[in-house]
Amino acid sequence: MSYDRYLAICHPLHYDSIMNPKLCLKLITISWTLGCMLTSILTVMISQFQFCHSNVIDHFFCDFDPILKLSCSNILKIKLLSTIMSFPVILCPFLIVVISYAYIVTILRIQSINHRQKAFSTCGSHLTVVSIFYGTLVSVYLTPVKAKSGELHKIMSLAYTVLTPSINPIIYCLRNKDIKKAFKTIW
């Protein structure tokens with residue numbers, strides 16, 4: 001979405017020729033393929049573990065770390081692999097977002113105030129959702145295990161899996177003038 005916003009703001013005349021259905025299909029295919037491949041590797045490794053502790057997962061859902069806590073196998077290799085794999089999975093998309101918005105900010109210095117306001121209203125919603133999502137995601141998967149408590153881990157996992165998708169429509173609806181008017185009436 002950040003690349004889409006970058007094209008719409010920085011190259012509006014080329015937008016339709018670049019962001020065509022073929023490119024969208026390629027981006028979707030790459031995302032799904034890489035996501036499935038990387039999660040399959042960890043799933044296959046976990047399926048080979050011995051589980052000798054309780055079968056009760058101390059979490060809201062079946063998450064990676066709570067499953068590993070139930071294993072009596074050596075989990076050092078899979079923890080190291082998952083940490084190594086989370087850097088490109090989390091940081092590459094995050095860097096694409098940051099670079100896209102850096103270009104947008106660079107372009108906005110040149111243009112008029114009206115163009116800046118329109119661009120920020122277009123990008124503000126996405127940046128809010130991305131900030132919430134990546135903030136919680138990084139705190140769950142890229143912080144050392146000893147630095148996070150069990151309860152905090154549960155809350156942060158819940159934030160990126162439930163909170164972000166739940167508030168996503170609300171944040172994007174706030175751009176709609178009718179919705180804004182309804183909120184003002186309610187308040």
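## Helix α7

The buried residues of helix α7 are His153, Lys154, Ser157, Ala159, Tyr160, Thr164 and Ile171. The model described here is a predicted one, and in it α7 covers residues 150-173, a run of 24 residues. From its first C-alpha to its last, this helix reaches 34 Å, which is close to the 34 Å expected at 1.5 Å a residue. Even so, α7 holds a kink of about 40°, and the kink is centred on Ala159, a residue that is itself among the buried ones of the helix.

## The nonpolar cores

Which residues have the most contacts inside the largest nonpolar core? That core has 15 residues, and those with the most contacts inside it are Tyr6, Tyr101, Ile104, Cys123, Tyr134 and Leu137. Two or more residues are given to this core by each of α1 (2-10), α5 (76-108) and α6 (113-141), and the largest share, five residues, comes from α6. As background, nonpolar side chains in soluble globular proteins tend to be buried together.

Apart from this core lies another, made of nine residues, among them Leu42, Phe49, Leu68 and Ile78. Ser82 lies in helix α5, and because its relative accessibility is 12%, under the limit of 20%, it counts as buried.

Ser2 has its place in helix α1. Is this residue buried or exposed? With a relative accessible area of 4%, Ser2 is buried. When residues up to four places away in sequence are not counted, Ser2 touches Ile96, Val97, Ser100, Tyr101 and His126, and one of these, Tyr101, is also listed among the residues with the most contacts inside the largest nonpolar core.

The C-alpha atoms of Ser2 and Ile99 are separated by 9.0 Å, although the two residues stand 97 residues apart along the chain.

## Aromatic pairs

A pair of aromatic rings is described by the distance of the centres and the angle of the planes. In this model the count comes to four aromatic pairs. In one of them, the rings of Tyr6 and Tyr103 have their centres 5.6 Å apart and their planes at 50°, so this pair is tilted. Tyr6 lies in helix α1 and Tyr103 in helix α5, so the pair ties together parts of the chain that are 97 residues apart in sequence. The two partners can also be described by their accessibility: Tyr6, at 15% relative accessibility, counts as buried, whereas Tyr103, with a relative accessible area of 49%, is partly exposed. Together with Tyr3, these two residues form one aromatic cluster.

The rings of Phe133 and Tyr134 have their centres 5.4 Å apart and their planes at 75°, so that pair is edge-to-face. Phe133 counts as partly exposed at 27% relative accessibility, while Tyr134 counts as buried at 12%. What does Tyr134 touch, not counting residues up to four places away in sequence? The residues that Tyr134 touches in this sense are Ile90, Pro93 and Phe94.

## Cysteines

How many disulfides does the count come to? The count comes to one disulfide, and it joins Cys52 to Cys72, with a distance of 2.3 Å from S to S. This pair links distant parts of the chain, 20 residues apart, since Cys52 is in the loop between α3 (21-47) and α4 (64-70) and Cys72 is in the loop between α4 and α5. Cys52 counts as exposed at 51% relative accessibility, whereas Cys72 is partly exposed, with a relative accessible area of 39%.

Cys92 is in no disulfide, and the nearest cysteine sulfur, that of Cys36, is 18 Å away. At 41% relative accessibility, Cys92 counts as partly exposed. Cys24 is also partly exposed, with a relative accessible area of 30%.

Terms used:
Residues are numbered from 1 along each chain as its sequence is written. This is a predicted model: local features need pLDDT of at least 70, side-chain atom pairs count only at pLDDT 80 or more; totals for chains, interfaces and linings use all residues. Side-chain values use heavy atoms; hydrogens and water are left out. A nonpolar core is a set of buried Ala, Val, Leu, Ile, Met, Phe, Trp, Tyr and Cys residues joined through side-chain atoms within 4.5 Å. Buried means under 20% relative accessible area, exposed over 50%, partly exposed in between (1.4 Å probe, protein chains only). Helices (H or I, at least four residues) and strands (E, at least two) are DSSP runs, numbered from the N terminus. Contact means heavy atoms within 4.5 Å. Rings of Phe, Tyr and Trp (its six-membered ring) pair if their centres lie within 6.5 Å; planes under 30 degrees apart count as stacked, over 60 as edge-to-face and the rest as tilted. A disulfide is a pair of cysteine sulfur atoms within 2.5 Å. The expected span of a helix is 1.5 Å times one less than its number of residues. The bend at a residue is the angle between axes fitted to the seven residues ending there and the seven starting there.
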